[in-house]
Amino acid sequence: MRMNQDERRFDFHGLGLALKQAREEKGWTQAYVAELVGKTDRTIMNIENKGQHPSFNLFFKLVTLFDISVDQFFYTEGQRGENSCRKHIDVLLSSMNEKELVVMEATAEGLKKARETEVRE
């Protein structure tokens, strides 16, 4: 019995850009990342700039190395039930450093408390 196959091709360009941004934020070179994951710097360059499809093993190493959430790249808005604003916020959050994320978390908590206060009044 053959399972229903999904014929969509994944476009790695967006993920390549996210990897490049995360690498640059850390101040790492492509050669250094390549050494960490056991590949050549040319492979890293092709993934970042040309959207080259990495093997699953390399894909996993890279997204875990840079702590990148892949949901935004795999699921369309309709599949996640999210609008473009939420998707944009996800992308922005993925690009923030730890201090910026703390500020965003506090802001979200403040908005939540304000909304709860409005509901009670």
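## Starting with L15

Which helix does L15 lie in? L15 lies in helix α1, residues 13-26; helices here are DSSP runs (H or I, at least four residues), numbered from the N terminus. This is a predicted model, where local features need pLDDT of at least 70, side-chain atom pairs count only at pLDDT 80 or more, and totals for chains, interfaces and linings use all residues. Residues are numbered from 1 along each chain as its sequence is written, and side-chain values use heavy atoms, leaving out hydrogens and water.

L15 is buried, with a relative accessible area of 2% (buried means under 20%, with a 1.4 Å probe and protein chains only). Leaving aside residues up to four places away in sequence, L15 touches F59, V63, I68 and F73, where contact means heavy atoms within 4.5 Å. Take F73: it sits 58 residues from L15 in sequence, yet their C-alpha atoms are 6.7 Å apart.

## Where α2 meets α4

Now for a pair of helices. The axes of α2 (residues 30-37) and α4 (residues 56-65) come within 10 Å and cross at roughly 120°. Axes are lines fitted to C-alpha atoms over the stretch in contact, with angles from 0 to 180 degrees between N-to-C directions.

On the α2 side, the contact is made by V33, L36 and V37, and on the α4 side by L58, K61, L62 and L65.

## A look at N46

N46 is found in helix α3, residues 41-50. N46 is buried, at 13% relative accessible area. Not counting residues up to four places away in sequence, N46 touches G51 and Q52.

How values were computed. Helix = DSSP H or I, 4+ residues; strand = E, 2+ residues; numbered from the N terminus. Buried < 20%, exposed > 50% of the residue type's maximum accessible area, 1.4 Å probe, protein only.
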